[in-house]
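Work through the following exercises with the sequence and the model at hand. Each task is followed by a solution in steps.

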Amino acid sequence: MTEGDEAPVETPALRRKVFGRRSGHKLRARQADILDTGLTRLAVPLPPPGEILDPRGLFPRAVADVWFEIGFGGGEHLAAQAEAHPDIGIIGAEPFVNGMASLLRHVEERRLDNVRVLADDARLLLAALPEASLSRAFLLFPDPWPKSRHHKRRFVQQETLDLLARALKPGGEFRVASDIMGYIEWTLAQVGLHHGFEWLAEGPADWRARTEDWPPTRYEAKAIAAGRKPAYLRFRRVGG
C-alpha cells in the first residue's frame, strides 16, 4: 500500500464457505470457451488478507456507483441491471460454474463492459471492500438450506450482515427475494436483530411484488409456475 492509500478496515478472518456442487451438467465447447475467456477478462482479483480493493478501479471507465449481486444464478437479473444502468459497475459472485458461464454469455452477447465477477465466496469480496463502497446489494432466491442443522450455511447471518453494513453506503439497499417462507422469516429475524438495516415495507404490497427496477430471474419463474409466491424484501442501510 502506497502513501495516501486508504488504510484497510480490520475485519475478522474469514474461512471460505462454499457449500453444494460447484458444477452441474458438462459445459458445451462454446460455453467452456466463453467461461475461460470471460473469467480471464472479468474476474475480480482478491487482494491479500488485510488489504482493500477499490471496486471502482475494476471497470474500464468511471462508474457512478457499484452494486453487488451475491449468488447470481443464471445471471438474468445481473445482466438486465447492467444493461439498464450502464453508468453502474456491477460485481457478481457465483461459485457455480454453469451459472458463471450463463452470465458471461449474457455479458458477451449484450456487450456489457460494466460487469465484473468472482467465482468464489461472496463474503471474501465483502471483507476486502472499503467502507461505504457499495450502493446496492442483491441476494435473490438463495439456497434456503431448509434442514435445521444446515441453517448455519444460509448466507444471511449476523456475521454477513456486519460485512454488508460496512460495505454499503448509508441509504444503500440490500434486496432479498425467496419463494421459501422459512427463509423469508429467517431473513426478517436476522435483519431485525441487526442495528444497520431497516425494512422498507409499510404494507403487504411492499413485499408481495417486485419494484419496476427489479428484473425477474429464472428461479422466480420456476417458483411461480410451481405455485409458490415469492417475497421481495428491501432493506435500507441506516446509520454510519
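**Exercise 1.** How many helices and how many strands does the secondary structure of the protein come to?

*Solution.* The model is a predicted one. Counting the elements gives eight helices and seven strands. For the 240 residues of the protein, the buried share is 48%. The accessible surface comes to about 12,200 Å², and carbon and sulfur atoms account for 52% of that surface.

**Exercise 2.** Give the order of the strands in the open sheet, then find its edges.

*Solution.* Step one: the seven strands of the open sheet run in the order β3-β2-β1-β4-β5-β7-β6, and the pairing is mixed. Step two: β3 (115-118) and β6 (197-199) each pair on one side only, which makes them the edge strands. Step three: on average, neighbouring strands of this sheet are turned by 20 degrees against each other, direction ignored. Trp67 stands opposite Arg136 in β4.

**Exercise 3.** Which residues touch the most other members of the largest nonpolar core, and which elements supply at least two residues each?

*Solution.* Step one: the core has 37 residues, and those touching the most other members are Phe68, Leu126, Leu164, Phe174 and Phe197. Step two: at least two residues each come from β1, β2 (88-93), α4 (122-128), β4, α5 (158-167), β5, α6 and β7 (231-237). Step three: the element giving the most is α5, with five residues. Step four: a second, separate core has 24 residues, including Ile34, Trp67, Ile88 and Val117. In soluble globular proteins, nonpolar side chains tend to be buried together.

Now look at Phe197 on its own. Setting aside residues up to four places away in sequence, Phe197 touches, among others, Leu161, Leu164, Phe174, Val191 and Phe235.

**Exercise 4.** Where is Asp179 placed, and is Asp179 buried or exposed?

*Solution.* Step one: Asp179 is in the loop between β5 (168-178) and α6 (181-193). Step two: its relative accessible area is 13%. Step three: buried means under 20%, so Asp179 counts as buried.

Definitions and conventions: Residues are numbered from 1 along each chain as its sequence is written. This is a predicted model: local features need pLDDT of at least 70, side-chain atom pairs count only at pLDDT 80 or more; totals for chains, interfaces and linings use all residues. Side-chain values use heavy atoms; hydrogens and water are left out. Helices (H or I, at least four residues) and strands (E, at least two) are DSSP runs, numbered from the N terminus. Buried means under 20% relative accessible area, exposed over 50%, partly exposed in between (1.4 Å probe, protein chains only). Accessible areas come from the Shrake-Rupley method with a 1.4 Å probe; for residues, only the protein chains shown count as cover. Two strands pair if DSSP finds at least two bridges between them. Axes are lines fitted to C-alpha atoms, for helices over the stretch in contact, and angles run from 0 to 180 degrees between N-to-C directions. A nonpolar core is a set of buried Ala, Val, Leu, Ile, Met, Phe, Trp, Tyr and Cys residues joined through side-chain atoms within 4.5 Å. Contact means heavy atoms within 4.5 Å.
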